[in-house]
Amino acid sequence: MTALDQGLWTYRNDSFLPHGCEGDPAEHPVWLTAAAGNPNAADLLVLVDDALLDGREGFAGTAYLFDRRDPAMRDIARDRFAAFRDEGSRPVYLRFGPQGWPQSE
């Protein structure tokens, strides 16, 4: 969580994503937490690496981010892609490349 928080503050001087992980969640458009729930009434849940899938009910959508260079994370991502599909979702895989973010299903 600390690394993600620091990265969002310092990624680039001309780039900033307003967020918080302390104080009142309702005052932040992006709330960083390892706990389940939706304390700031967000529409989108963003899960990172091996975060638990529990608690997605209160969100309109879910994005799952992982490091595709890590074989363990790729295996987890494949399992999650299948789980999302088995739940009735239509998961989409986006991979950043020279042409931006092409998608595949």
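This report describes the core, surface, salt bridges and selected residues of a predicted model.

## Basis of the description

Because the model is predicted, local features need pLDDT of at least 70 and side-chain atom pairs count only at pLDDT 80 or more, whereas totals for chains, interfaces and linings use all residues. Residues are numbered from 1 along each chain as its sequence is written, and side-chain values use heavy atoms, with hydrogens and water left out.

Helices (H or I, at least four residues) and strands (E, at least two) are DSSP runs, numbered from the N terminus. A residue is called buried under 20% relative accessible area, exposed over 50%, and partly exposed in between (1.4 Å probe, protein chains only).

## Nonpolar core

A nonpolar core is a set of buried Ala, Val, Leu, Ile, Met, Phe, Trp, Tyr and Cys residues joined through side-chain atoms within 4.5 Å. The largest such core has 7 residues, namely Ala42, Leu45, Leu47, Phe59, Tyr64, Ala77 and Phe84. Two or more of these residues are given by each of strand E1 (44-48) and helix H2 (71-86).

Leucine 47 belongs to this core. Contact here means heavy atoms within 4.5 Å. With neighbours within four places in sequence set aside, leucine 47 is in contact with Leu52, Leu53, Arg56, Thr62, Ala63, Tyr64 and Leu65.

## Nonpolar surface patch

Leu4, Leu44, Val46, Val48 and Leu65 form a nonpolar patch on the surface, and together they have about 410 Å² of accessible area. Patches are made of residues with over 30% relative accessible area and no salt bridge; like charges are joined within 9 Å, and nonpolar side chains (Val, Leu, Ile, Met, Phe, Trp, Tyr) within 5 Å. Accessible areas come from the Shrake-Rupley method with a 1.4 Å probe, and for residues only the protein chains shown count as cover.

Strand E1 supplies the largest share of the patch, 3 residues. Valine 46 is found in strand E1 and is partly exposed, at 42% relative accessibility.

## Salt bridges

The structure holds 3 salt bridges, each defined as a side-chain nitrogen of Lys or Arg within 4 Å of a carboxyl oxygen of Asp or Glu. Side chains of opposite charge can pair when their charged atoms come close. Arginine 56 forms a salt bridge with glutamate 87, with the closest N and O atoms 2.6 Å apart. This pair links distant parts of the chain, 31 residues apart: arginine 56 is in the loop between E1 and E2, and glutamate 87 is in the loop between H2 and strand E3 (93-94). Arginine 56 is buried at 18% relative accessibility, while glutamate 87 is partly exposed at 47%.

A salt bridge also joins the side chains of arginine 69 and aspartate 67, at 3.0 Å from N to O. Arginine 69 is exposed, with a relative accessibility of 68%, and aspartate 67 is partly exposed, with 29%. The side chains of aspartate 75 and arginine 78 meet in a salt bridge at 3.2 Å, N to O. Both residues lie in helix H2, 3 residues apart, about one turn of the helix. Aspartate 75 is partly exposed at 44%, and arginine 78 is exposed at 53%.

A polar atom of the arginine 56 side chain lies 3.0 Å from the backbone oxygen of leucine 53. Beyond neighbours within four places in sequence, arginine 56 is in contact with Leu45, Leu47, Thr62, Phe84 and Glu87.

Tryptophan 31 is located in the loop between H1 and E1 and is buried, with a relative accessible area of 18%. Leaving aside neighbours within four places in sequence, its contacts are Gly20, Cys21, Glu22, Gly23, Asp24, Pro25, Pro39 and Asn40. The C-alpha atoms of tryptophan 31 and alanine 42 are separated by 8.5 Å, the two residues being 11 residues apart along the chain.

## Positive phi values

Most residues other than glycine have a negative phi. Alanine 41, in contrast, has a positive phi near 55 degrees. Alanine 41 is found in the loop between helix H1 (2-10) and E1 and is exposed, with a relative accessible area of 62%.

Aspartate 49 also has a positive phi, near 55 degrees. Aspartate 49 lies in the loop between E1 and strand E2 (61-65), where it is partly exposed at 29% relative accessibility.

Technical notes
A polar contact is a pair of N or O atoms within 3.5 Å; within protein, one must be able to donate a hydrogen and the other to accept it, and residues adjacent in sequence count only if both atoms are side-chain atoms.
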